[in-house]
Amino acid sequence: MVLDVWKSIKKGQFAPVYLLFGTEAYLINETKQLLIENVLHEDEMDFNFSQFDLEETPVETALEDVETLPFIGERRLVFMQNPFFLTAEKAKSRVEHNVKRLEAYLADPVPYSIVVLTAPYEKLDERKKITKELKRKAVLVEAKKLGDHELKGWVRERVGSVRIDEQAIELLLELAGTNLMMLTNELDKMVLYVEADEHITAEIVEKLVAKSLEQNIFTLVDHVLQRKMESAMTILHDLLRQNEEPIKILSVMAGQVRLMYQVKELSRQGYSQQKIAGHLKVHPFRVKLALEKTGKFQERELLSIMNDLAEADYKMKTGQAEKAITLELLLLKIR
């Protein structure tokens, strides 16, 4: 698990080879930054740090650098990016790689270098020998979307010595969503606000965290479904005053209602929260929120709202009605 790897790095417990793979760029970049900060001193960076793009440079050239003794200090740190030979994709590059040279290195890595391969791909080709060898001999960091439990653990890790209440974490994820970069910005802001001798409460989250567009629309949909039309209209007018495009608002609304319908149907079929998230390719926390909201509604109600949204979308895109007015009429019709 990525958090365990980060803890080892912070303790100065380094592996000779790391493989960072997956599409969650924030986790890959955070791991690389932690290695830079903990492996090398600032005055060593010019001498003992190297980066190679394997779409432009043969892996054997990068390994020559890996096997060069450090100029000063104890270790070299070498990043190898885009090892496309680990995938089944057609090579975008004409560079030929001596992959057997990398296999030989994995069997006997030098003690003074740390090699970090970063593979920002959704899948690796598990049939290839080099992929199997790397998965067997390297420390793996799978950069995928964090589950509910992992995400909360990441939040606690990110705030360091500052305490954060469980309710504060829940509210933060509701308001700001699950994008790690966005969450990092919000957490850094709150840590500065409370300083080291306090802790982050739900009240502080409510005060400081800006709602994402998706969260505003999630609340809008929730109020519509609960027939709280006055507050739903207030949110809609606020979004329009912020120059949010009506078609975009409608599109996100449709996505929210569609997700609620799909979650309800899959839950009825006996799917677990984790399996629903995997099937729909959405974050487990979004599934959790949708499950909490859909309990009170029949599938036919959600289907009816989806039909109303589709009709409004057609009218907007064909110019049959003014967009903002179409949205207001839509809310009144759902009522």
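This is a predicted model: local features need pLDDT of at least 70, side-chain atom pairs count only at pLDDT 80 or more; totals for chains, interfaces and linings use all residues.
**View 1. The ring pair of tyrosine 26 and tryptophan 154 is edge-to-face.** The ring centres of tyrosine 26 and tryptophan 154 lie 5.9 Å apart and the ring planes stand at 85 degrees, so the pair falls in the edge-to-face class, for which the planes must be over 60 degrees apart.

**View 2. Phenylalanine 49 and phenylalanine 79 form an edge-to-face aromatic pair.** The distance from centre to centre is 5.2 Å, and the angle between the two ring planes is 90 degrees. Here, too, the pair links distant parts of the chain, with phenylalanine 49 in strand β2 and phenylalanine 79 in strand β3 (residues 76-81), 30 residues apart. Phenylalanine 49 has a relative accessibility of 19% and therefore counts as buried, the cut-off being under 20%; phenylalanine 79, at 1% relative accessibility, also counts as buried.

**View 3. Five parallel strands make up an open sheet.** The 5 strands follow the order β2-β3-β4-β1-β5, and their pairing is parallel. At the edges of the sheet are β2 (49-53) and β5 (139-143), each of which pairs on one side only, while the twist from one strand to the next averages 15 degrees. Strand β1 (residues 17-22) pairs with β5 in the parallel sense over 5 bridges, and within this pairing phenylalanine 21 has glutamate 142 in β5 as its bridge partner. Helix α1 (residues 2-10) packs on the sheet, where it touches β1 and β5, and the direction of α1 makes about 130 degrees with that of β5.

**View 4. Strands β2 and β3 pair in the parallel sense.** The pairing of β2 with β3 runs over 5 bridges, and serine 50 finds its bridge partner in valine 78 of β3. Strand β3 is mostly covered, with 5 of its 6 residues buried.

**View 5. Helices α8 and α15 are roughly perpendicular to each other.** Helix α8 (residues 166-176) packs against helix α15 (residues 284-294) at an angle of about 95 degrees, and the two axes are 11 Å apart; because the angle lies in the range of 65 to 115 degrees, the pair counts as roughly perpendicular. On the side of α8 the contact involves Glu170, Leu173 and Glu174, which meet Phe285, Lys288 and Leu289 in α15. By class, the residues of this contact divide into 3 nonpolar, no polar and 3 charged.

**View 6. Helices α13 and α17 are roughly parallel.** Helix α13 (residues 246-268) and helix α17 (residues 323-334) pack with their axes 9 Å apart and at an angle of about 30 degrees, an angle that makes α13 roughly parallel to α17. Pro246, Ile247, Ile249, Leu250 and Met253 of α13 make the contact with Lys323, Ala324, Leu327, Leu330 and Leu331 of α17. The contact of α13 with α17 holds 9 nonpolar, no polar and 1 charged residues.

**View 7. Threonine 131 is a buried residue of helix α6.** Helix α6 spans residues 129-137, and threonine 131 within it counts as buried at 1% relative accessibility. Leaving aside residues up to four places away in sequence, threonine 131 touches Leu86, Leu124, Asp125 and Glu126.

**View 8. Asparagine 243 has a positive phi, as does lysine 281.** Asparagine 243, although not a glycine, has a phi of about 65 degrees; this residue sits in the loop between α12 (229-241) and α13 and is exposed, with a relative accessible area of 69%. Lysine 281, likewise a residue other than glycine, has a phi near 55 degrees and is found in the loop between α14 (273-280) and α15. With a relative accessible area of 67%, lysine 281 is exposed.

Terms used. Residues are numbered from 1 along each chain as its sequence is written. Side-chain values use heavy atoms; hydrogens and water are left out. Two strands pair if DSSP finds at least two bridges between them. Helices (H or I, at least four residues) and strands (E, at least two) are DSSP runs, numbered from the N terminus. Axes are lines fitted to C-alpha atoms, for helices over the stretch in contact, and angles run from 0 to 180 degrees between N-to-C directions. Contact means heavy atoms within 4.5 Å. Angles under 35 degrees count as roughly parallel, over 145 as roughly antiparallel, 65 to 115 as roughly perpendicular and the rest as oblique. Ala, Val, Leu, Ile, Met, Phe, Trp, Tyr, Cys and Pro count as nonpolar, Asp, Glu, Lys and Arg as charged, and the others, Gly among them, as polar. Rings of Phe, Tyr and Trp (its six-membered ring) pair if their centres lie within 6.5 Å; planes under 30 degrees apart count as stacked, over 60 as edge-to-face and the rest as tilted. Buried means under 20% relative accessible area, exposed over 50%, partly exposed in between (1.4 Å probe, protein chains only).
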